[in-house]
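This report is for a reader meeting the structure for the first time. It goes from the pairing of strands to the core and then to a cross-link.

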Amino acid sequence: MRTPAALAVLAIAAAGCSLGVGGSFPSDASARTAVDVPHRFEPADPDDRIQPGDTIAGPGCRSPMVDPRDGTRIVFLRSAGQRADYAVAGGRYGVNEYELLRLDCNTGTVIGVVERGGLVR
């Protein structure tokens with residue numbers, strides 16, 4: 001027999017899995033403008049881009065994604081729907097250590113910079 005407390009813990013754990021690492025998923029409205037980003041990021045595997053067009057193959061978000069201008073790679077941390085947040089190294093694109101870069105998973109276009117959450121400043 002399962003207790004309500006055990007069911008609540010399982011529900012919370014399941015919700016956390018869909019968000020990935022880092023906890024809550026801020027809304028797009030909270031995103032600020034990123035700096036010096038490409039027109040769109042590309043999947044590391046070129047076969048994941050449906051040609052011609054803006055669509056990335058498959059139902060999920062890809063990782064890593066690559067800046068086609070210079071090969072900079074960004075790494076997936078969490079997603080909700082067709083939005084994903086990526087870790088960015090070295091302050092690229094105006095992203096600091098407490099922030100992530102949000103992309104549209106279907107196109108690789110940048111939505112903006114969002115709070116990472118779950119980190120103590």
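## Strands, core and disulfide

Strands E5 and E6 run antiparallel and are joined by five bridges. The model described here is a predicted one. E5 and E6 form a hairpin with five residues between them. In the turn, Gly108 has a positive phi of about 85 degrees. E5 is also joined to E4, by four bridges, and these two strands run antiparallel.

| Strands | Direction | Bridges | One of the bridge pairs |
|---|---|---|---|
| E4 and E5 | antiparallel | four | Tyr86 and Leu101 |
| E5 and E6 | antiparallel | five | Leu100 and Val114 |

How many of the six residues of E5 are buried? Six of the six are, and the strand is mostly covered. Glu99, Leu101 and Leu103 point one way from E5, while Leu100, Arg102 and Asp104 point the other way. Both sets are buried.

The largest nonpolar core has 15 residues. Those with the most contacts inside this core are Phe41, Met65, Ile74, Tyr86, Tyr93, Leu101 and Leu103. In soluble globular proteins, nonpolar side chains tend to be buried together.

Leaving aside neighbours within four places in sequence, Tyr86 is in contact with Cys61, Arg62, Met65, Ile74, Val75, Phe76, Leu77, Leu100, Leu101 and Leu103. Among these contacts, Leu101 is also the bridge partner of Tyr86 in E5.

Which parts of the chain does the pair tie together? Cys61 lies in the loop between strand E1 (42-43) and strand E2 (65-66), and Cys105 in the loop between E5 and strand E6 (110-115), so the pair ties together parts that are 44 residues apart in sequence. The link is right-handed, with 85 degrees about the S-S bond. Both Cys61 and Cys105 are buried.

Ala57 also lies in the loop between E1 and E2. Ala57 and Thr107 are 50 residues apart in sequence, and their C-alpha atoms are 9.4 Å apart in space. Beyond neighbours within four places in sequence, Ala57 is in contact with Asp48, Ile50 and Arg62.

Terms used
Residues are numbered from 1 along each chain as its sequence is written. This is a predicted model: local features need pLDDT of at least 70, side-chain atom pairs count only at pLDDT 80 or more; totals for chains, interfaces and linings use all residues. Side-chain values use heavy atoms; hydrogens and water are left out. A nonpolar core is a set of buried Ala, Val, Leu, Ile, Met, Phe, Trp, Tyr and Cys residues joined through side-chain atoms within 4.5 Å. Buried means under 20% relative accessible area, exposed over 50%, partly exposed in between (1.4 Å probe, protein chains only). Contact means heavy atoms within 4.5 Å. A disulfide is a pair of cysteine sulfur atoms within 2.5 Å. Two strands pair if DSSP finds at least two bridges between them.
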